[in-house]
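Hi everyone, thanks for coming. I'd like to walk you through one structure today, so please have a look at it while I talk.

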Amino acid sequence: EEDIFVRLDFGKILNFYSKRPKSNNKLYLILKFLYLIYLNLKNLDENENYNLAKGIFFKELKSVSKEKRSVFYNHLINLTIKLVNHSSPGSLEEMFYLIKNKLKEGLTDDITESDLPVSKFRDFLLIAVNLGEIKWANNFLKNYGPLLPPDNREDHINLGKALIFFNLKKY
């Protein structure tokens, strides 16, 4: 199965949309954002594409719907997960930056998910604790714990408290 970005000359597509009237500018920016994410995934050693995609996202795509904004955040966060696994310097801090901003925008769909493998609540806590952001982790538990689905809310909150206490060496 051939990749769509390989099959299509995406550079020509972006060039075409870059010359369109301003009314189509958002489509161009979304396509460019997604293409830059793709390019960075193809070469994790080169962060210029990530920085360009992040710039487009935070400066030019502020007005997209909350649903799209959440999906785009997830693309950036998933890319930073790849960068963390690739041992790219600063990638864990970058992921934490994205998580904090996503939550500040009120985008909580991935922590309120009732499907445990899909819920990012525990992941967000682990990242904060690993970075020594204990105050943030405590506030996260307090502010976002109540948003968890009732079936597993108490378990997630208790796990979060245990992570924090373990990090503080309060056994």
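Quick housekeeping before that. What you see is a predicted model, where local features need pLDDT of at least 70, side-chain atom pairs count only at pLDDT 80 or more, and totals for chains, interfaces and linings use all residues. Residues are numbered from 1 along each chain as its sequence is written, and side-chain values use heavy atoms, with hydrogens and water left out.

Okay, the overall picture. What does the secondary structure come to? Nine helices and zero strands. Here, helices (H or I, at least four residues) and strands (E, at least two) are DSSP runs, numbered from the N terminus. Reading from the N terminus, the elements go α-α-α-α-α-α-α-α-α. The C-alpha trace spans about 60 × 30 × 30 Å along its principal axes.

How much of the chain is buried? Of its 171 residues, 39% count as buried. Buried means under 20% relative accessible area, exposed means over 50%, and partly exposed is in between, with a 1.4 Å probe and protein chains only. The chain exposes about 10,400 Å², and carbon and sulfur atoms supply 51% of that. Those areas come from the Shrake-Rupley method with a 1.4 Å probe, and for residues only the protein chains shown count as cover.

Now contacts, meaning heavy atoms within 4.5 Å. Take the contacts with a separation of 6 or more: residues 24 or more positions apart account for 58% of them.

Let's look at some of those contacts, starting with Phe33. You'll find Phe33 in helix α3, residues 25–42. Phe33 is buried, with a relative accessible area of 0%. Which residues does Phe33 contact, leaving aside neighbours within four places in sequence? Ala53, Ile56, Phe57, Leu61, Phe72 and Leu76. Take Phe57: Phe33 and Phe57 are 24 residues apart along the chain, and their C-alpha atoms are separated by 7.1 Å.

Phe72 is in helix α5 and is buried, at 6% relative accessibility. Phe72 and Phe33 are 39 residues apart in sequence, and 8.8 Å apart in space, C-alpha to C-alpha. Not counting residues up to four places away, Phe72 touches Ile30, Phe33, Leu34, Phe57, Leu61 and Val64.

Ser91, in helix α6, is buried with a relative accessible area of 7%. Ser91 touches Thr80, Leu83 and Val84, again not counting residues up to four places away in sequence. Then there's Thr108, found in the loop between α6 and α7. Is Thr108 buried or exposed? Buried, with a relative accessible area of 17%. With the four-place rule again, Thr108 touches Leu103, Tyr144 and Leu147.

On to the charges. A salt bridge here is a side-chain nitrogen of Lys or Arg within 4 Å of a carboxyl oxygen of Asp or Glu. How many salt bridges are there by this rule? Four.

Glu105 is partly exposed at 32%, while Arg69 is buried at 5%.

Next, Asp110 and Lys102 meet in a salt bridge at 2.7 Å, N to O. Asp110 is buried, at 7%, and Lys102 is buried as well, at 1%.

Then Arg122 and Asp123, at 3.7 Å, N to O. Here Arg122 is partly exposed at 41%, and so is Asp123, at 29%.

Last thing: the surface. Glu67, Asp109, Glu113 and Asp115 form a negative surface patch. Patches are made of residues with over 30% relative accessible area and no salt bridge, with like charges joined within 9 Å and nonpolar side chains (Val, Leu, Ile, Met, Phe, Trp, Tyr) within 5 Å. Lys and Arg count as positive and Asp and Glu as negative, while His and the chain ends are not counted. The place of a charge is NZ of Lys, CZ of Arg, CG of Asp or CD of Glu.
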